[in-house]
Amino acid sequence: MRKCTSSLTLTAVALTMLMASGSVSAEKSPGKYCDTPSRCINPITKYGAVTSPNYLASVAGLEVLQNGGNAVDAAIAVASTMNVVYPQMTTLGGDNFWLIYNAKTKEVKALNASGRSGEKATIEFYKSKGYDKIPSRGYLAANTVPGTVSGWDAAHKYSRANMSNKGLPWNKLFNSAILYAQDGFPVTTSLHRWQEINVDPKDSEFRNMQRFDGFRQMYLKPDGSAYKVGEVMKLPQLANTYKLIAKDGAEVFYRGSIAKKIVADLQKHGGVLTLKDFADHKADWVKPLTVDYRGFTAYNLPPNTQGMASLEILNILNNIDVKKLGEGSADYYHVLVEATKEAFVDRDKYLTDPDFNKIPLDYLLSKQHGKEQAARIKMDMAAKDLKPLDPKGDTVWIGVVDKDGNAVSLIQSIYHDFGSGIVPEGTGVLLQNRGSFFSLDPSHVNRLEPKKRTFHTLNAAMLLKDKKPYLVYGTMGGEGQPQTQAAIATRIVDFGMFPQDAVAAPRWLHGRTWGASSNDLKMEGRISQSVLDELKKRGHPVAKLDDFTDSMGHAGAILIDPATNLRYSATDPRGDGLAVGY
């Protein structure tokens with residue numbers, strides 16, 4: 001297979017000309033990792049584009065765009081539907097972060113809708129209960145306020161006030177979420193798989209989720225078993241909660257009947273969140289972080305997210321001729337892994353809520369620091385490991401571009417798959433366990449304190465060229481997010497690959513998974529044995545995984561061709577997603 005040779009302006013017309021001339025035939029893909037030309041470049045759309053890890057959610061967003069909604073409206077429709085049909089990765093009880101490009105003002109806005117710890121959440125409280133770490137599941141893992149609904153609310157109000165297309169009213173954005181929660185939806189392969197994993201009775205730290213009444217009643221069949229692929233799941237309590245949110249707005253979730261039900265159930269079972277915690281919560285508009293990358297401006301979110309690490313990797317790569325390394329070569333994987341290690345050293349040293357600790361972002365993202373980090377990379381030797389990296393979290397990334405050129409890069413999560421496992425009675429709201437990531441060590445930078453936002457793996461990305469979006473992209477996958485973002489950016493910018501080709505391409509993950517005591521370098525099986533052998537020779541602890549493994553997360557991307565304004569969208573074959581447009 002030949003590799004796509006285009007850069008910024010490869011269009012459908014150019015591709016047709018190449019095929020007519022014999023340079024690309026119907027039997028040969030225009031990409032390196034696609035089966036056919038259609039697989040590599042579809043969909044190409046003129047007006048709107050949506051990509052997400054679930055096909056029902058993507059279609060929900062497309063319907064909103066076609067009915068007059070803007071990119072923010074569509075993103076809310078996608079995200080709210082994801083919370084119904086993809087609850088292993090995202091629910092109403094989680095957090096989200098936004099990058100919003102406003103085509104009218106030509107600016108990128110960043111929104112932090114992550115929840116803070118409760119006023120009673122202290123190190124002393126957990127120590128008095130006999131804990132040396134916050135439990136991963138259960139009522140004491142649900143110690144931060146869910147921020148998701150506040151993010152939808154703030155983003156929608158911003159779009160109504162500031163975008164040229166005011167979009168749709170709030171109550172029109174939840175039709176699909178209500179439909180699927182009330183009437184049911186077919187269980188996907190991903191949902192079935194994670195349900196089965198989480199009913200393992202032998203693991204009461206991370207699994208055995210049927211021990212929680214709310215989870216068992218909502219997400220398992222009456223006999224306590226997982227749903228099979230294609231069976232229909234209904235979530236009537238969640239449907240009722242969505243109806244209240246559609247009617248009464250975010251207020252009902254944070255100061256009304258939903259908040260009261262959540263807090264009553266938590267306090268009944270020894271939880272720490274209070275009505276005041278919910279009432280005091282708000283999402284915050286923050287200044288996005290940027291670095292230059294090969295003539296593009298790369299945008300990401302500031303702390304408490306690890307967006308700084310994602311940008312540090314690009315800042316390091318600016319000092320290396322990535323194209324000369326060769327895409328898919330041992331040198332390519334080696335350099336990106338080593339750049340990741342450099343970025344993660346800074347991340348783990350500094351990252352927490354910036355309201356509690358000063359973080360030297362100007363220095364960390366400076367060109368000089370990037371040069372110094374790049375200079376430490378040895379081509380013949382892997383840097384010896386650092387402390388074990390924390391396991392991945394579970395998340396969804398959503399991308400939307402509308403007909404006016406507004407764009408959204410949105411990431412939403414509950415941390416571990418199915419979060420805390422707690423569904424407060426009468427709500428259908430599965431609460432996240434993001435706050436279990438806080439440390440109970442008083443000297444740790446990310447130590448637990450009341451009203452604090454924890455270190456967040458979530459980060460959403462965009463590349464702009466000449467003040468217009470060129471690439472809207474992101475992924476789920478905790479530790480893997482900065483790594484996969486770097487893979488997508490380099491494969492598209494440095495090697496001219498189509499978005500679908502870049503997303504489908506073999507990936508890697510430097511880190512560890514739950515229960516592992518040390519880091520390894522997980523590599524997908526499609527990477528050649530000769531490359532794996534060379535990486536082992538350089539000292540990388542290579543672990544070969546399946547060809548398309550869920551461990552690599554579910555990524556997506558939308559490229560806006562600056563010459564034609566066409567949108568090239570991509571979804572990840574590792575998930576249940578769909579890229580759509582019109």
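Modeller: Gly249 touches Trp170 and Leu244, leaving aside residues up to four places away in sequence; a contact here means heavy atoms within 4.5 Å. The model is a predicted one, in which local features need pLDDT of at least 70 and side-chain atom pairs count only at pLDDT 80 or more, while totals for chains, interfaces and linings use all residues. Residues are numbered from 1 along each chain as its sequence is written, and side-chain values use heavy atoms, with hydrogens and water left out.

The loop that holds Gly249 runs between helix H10 (236-248) and helix H11 (251-254); helices (H or I, at least four residues) and strands (E, at least two) are DSSP runs numbered from the N terminus.

Val345 lies 96 residues from Gly249 in sequence and 41 Å from it in space, C-alpha to C-alpha. As for helix H16 (residues 330-350), its 21 residues reach 31 Å from first C-alpha to last, close to the 30 Å expected at 1.5 Å a residue (1.5 Å times one less than the number of residues). Because 17 of its 21 residues are buried, H16 is largely enclosed by the rest of the structure.

The axis of H16 comes within 10 Å of that of helix H19 (residues 480-493), and the two cross at roughly 135 degrees. On the H16 side the contact involves Tyr332, Tyr333, Leu336, Thr340 and Phe344, and on the H19 side Pro482, Gln483, Ala486, Ala487, Thr490 and Arg491. H19 has 14 residues, and since 14 of the 14 are buried, it too is largely enclosed by the rest of the structure.

A cis peptide bond, with omega about 0 degrees, joins Asn42 and Pro43, and Pro43 sits in the loop between helix H2 (37-41) and strand S1 (44-45). Tyr415, in strand S11 (residues 407-415), has a positive phi of about 75 degrees although it is not a glycine.

Methods. Buried < 20%, exposed > 50% of the residue type's maximum accessible area, 1.4 Å probe, protein only. Axes fitted to C-alpha atoms, helices over the stretch in contact; angles between N-to-C directions.
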